[in-house]
Amino acid sequence: MTENPAPTDQAVDDSANRDASLWSGDLGELAAGSRRVLVQLVKGPYLSAERHSEAWKILLTDTAALRSRLADLFLDLVLDESLGVAFVRNAPQAAIEAPQVVRTMPLTFMDSALLLFLRRELLRGSGATRVFIGRDEVYDHLNSYRASDTTDEAGFRKRVDSAWTKMLKHSLLVRTDTEDRVEISPILRLVFSTEQIQAVQEEYQRLAGNTRVIAQLEQDEAEETK
């Protein structure tokens with residue numbers, strides 16, 4: 001996933017100009033609408049059937065061509081029609097030595113803990129079309145990752161706020177009309193594999209009993225958020 005916010009829906013029906021040249025010297029083969037979808041996917045962070053309905057229609061119509069163009073850029077298309085989300089990721093490094101085209105999002109300890117919690121809540125609400133959560137619920141949960149000998153409540157809340165803001169920036173949390181209540185993006189069902197989640201959870205369980213390590217992590221994050 002990339003760092004830019006989700007773009008607005010600008011795509012149009014491309015059935016009428018599939019092989020048309022868009023400007024003098026244009027050698028592209030995709031229609032205007034498909035090119036816009038291609039750009040949206042590369043800019044990221046993801047394409048949503050609900051938020052970008054016209055672009056989504058074009059994506060489903062021209063999937064093969066878009067996959068091909070993305071592969072030319074060492075990018076892989078992840079598309080889940082049932083969830084209504086699509087995004088691109090770098091080509092698997094195990095398969096080929098490829099450049100990292102899209103930037104990954106660096107995560108602090110608190111960011112990772114928040115992502116795990118959000119994904120858990122999303123999976124718990126698997127029967128619901130949309131899952132919402134409040135900032136207070138996040139505070140309550142992440143408090144379990146706070147070192148028992150740490151009394152800096154203000155510093156702790158600042159780090160949680162920083163993680164919350166980062167999730168909003170990358171559209172992993174979506175604002176609602178209610179202040180401090182957000183929707184959890186369904187893309188979190190796809191971003192992490194079961195193996196990755198299990199590995200991180202096991203590491204956090206190990207750290208949970210080591211207050212010195214937690215305290216050091218909190219100190220490091222405090223320096224980063226100053």
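Colleague: Before we start, what do you call a nonpolar core here?

Modeller: A nonpolar core is a set of buried Ala, Val, Leu, Ile, Met, Phe, Trp, Tyr and Cys residues joined through side-chain atoms within 4.5 Å. Keep in mind that this is a predicted model.

Colleague: Fine. Which residues have the most contacts inside the largest core?

Modeller: Those are Leu118, Val138, Leu142, Met167, Leu173 and Ile184, in a core of 32 residues. The elements giving two or more residues to this core are β3, α4, α5 (135–142), α6 (153–169), β5 (173–175) and β6 (181–184).

Colleague: And which element gives the largest share?

Modeller: That's α4, with 8 residues. The core also draws at least three residues from each of domain 1 (32–90) and domain 2 (109–225).

Colleague: Take Leu118, then. What is it in contact with, leaving aside neighbours within four places in sequence?

Modeller: Leu118 is in contact with Ile133, Met167, Leu173, Ile184 and Leu188.

Colleague: Let's zoom out. How many helices and strands does the chain have?

Modeller: The chain has 9 helices and 6 strands. It has 226 residues, and 44% of them are buried. For contacts with a separation of 6 or more, 64% are between residues 24 or more positions apart.

Colleague: And the surface: how much of it belongs to carbon and sulfur atoms?

Modeller: 49%, out of an accessible surface of about 12,500 Å².

Colleague: Which residues form a nonpolar patch on it?

Modeller: Phe74, Ile96 and Val101, with about 230 Å² of accessible area together. Val101 sits in the loop between β3 (85–90) and α4 (109–124), and its relative accessibility is 38%, so it counts as partly exposed.

Colleague: Where does Phe74 lie?

Modeller: In the loop between α3 (63–72) and β2. Phe74 counts as partly exposed too, because its relative accessibility is 31%. Its backbone is worth a look: phi is near 60°, a positive value in a residue other than glycine.

Colleague: Is Ser171 buried or exposed?

Modeller: Buried, because its relative accessible area is 7%.

Colleague: Which residues does the cis peptide bond join?

Modeller: Gly44 and Pro45, with omega about 5°. Pro45 is in the loop between α1 (32–43) and β1 (47–48).

Colleague: Switching to charges. How many salt bridges turn up in the whole structure?

Modeller: A search finds 12. One of them pairs Lys57 with Glu54, with the closest N and O atoms 3.2 Å apart. Both residues lie in helix α2 (residues 53–61), about one turn of the helix from each other.

Colleague: Which helices hold Asp161 and Arg135?

Modeller: Asp161 and Arg135 form a salt bridge at 2.8 Å, N to O. Asp161 is in helix α6 and Arg135 in helix α5, so the pair ties together parts that are 26 residues apart in sequence.

Colleague: Which residues do salt bridges with shared partners join into one network?

Modeller: Arg120, Glu121 and Arg124. Within it, the closest N and O atoms of Glu121 and Arg120 are 3.1 Å apart. Glu121 is buried because its relative accessible area is 17%, while Arg120 counts as partly exposed at 35%.

Colleague: Last one: Asp80. Is it buried or exposed?

Modeller: Buried, because its relative accessibility is 18% and the cut-off for buried is under 20%. Asp80 lies in strand β2 (residues 75–80).

Colleague: And what is Asp80 in contact with, leaving aside neighbours within four places?

Modeller: Trp56, Val85 and Leu190. Leu190 is 110 residues from Asp80 along the chain, yet their C-alpha atoms are separated by 8.5 Å.

Methods:
Residues numbered from 1 in each chain as written. Predicted model: local features only at pLDDT ≥ 70, side-chain atom pairs only at ≥ 80, totals over all residues. Heavy atoms only, no water. Patch = residues over 30% accessible without salt bridge, like charges linked within 9 Å, V, L, I, M, F, W, Y side chains within 5 Å. Areas by Shrake-Rupley, 256 points an atom, 1.4 Å probe, with all protein chains shown as cover. Salt bridge = Lys/Arg side-chain N within 4 Å of Asp/Glu carboxyl O. Helix = DSSP H or I, 4+ residues; strand = E, 2+ residues; numbered from the N terminus. Buried < 20%, exposed > 50% of the residue type's maximum accessible area, 1.4 Å probe, protein only. Contact = heavy atoms within 4.5 Å. Domains from an automatic or database assignment.
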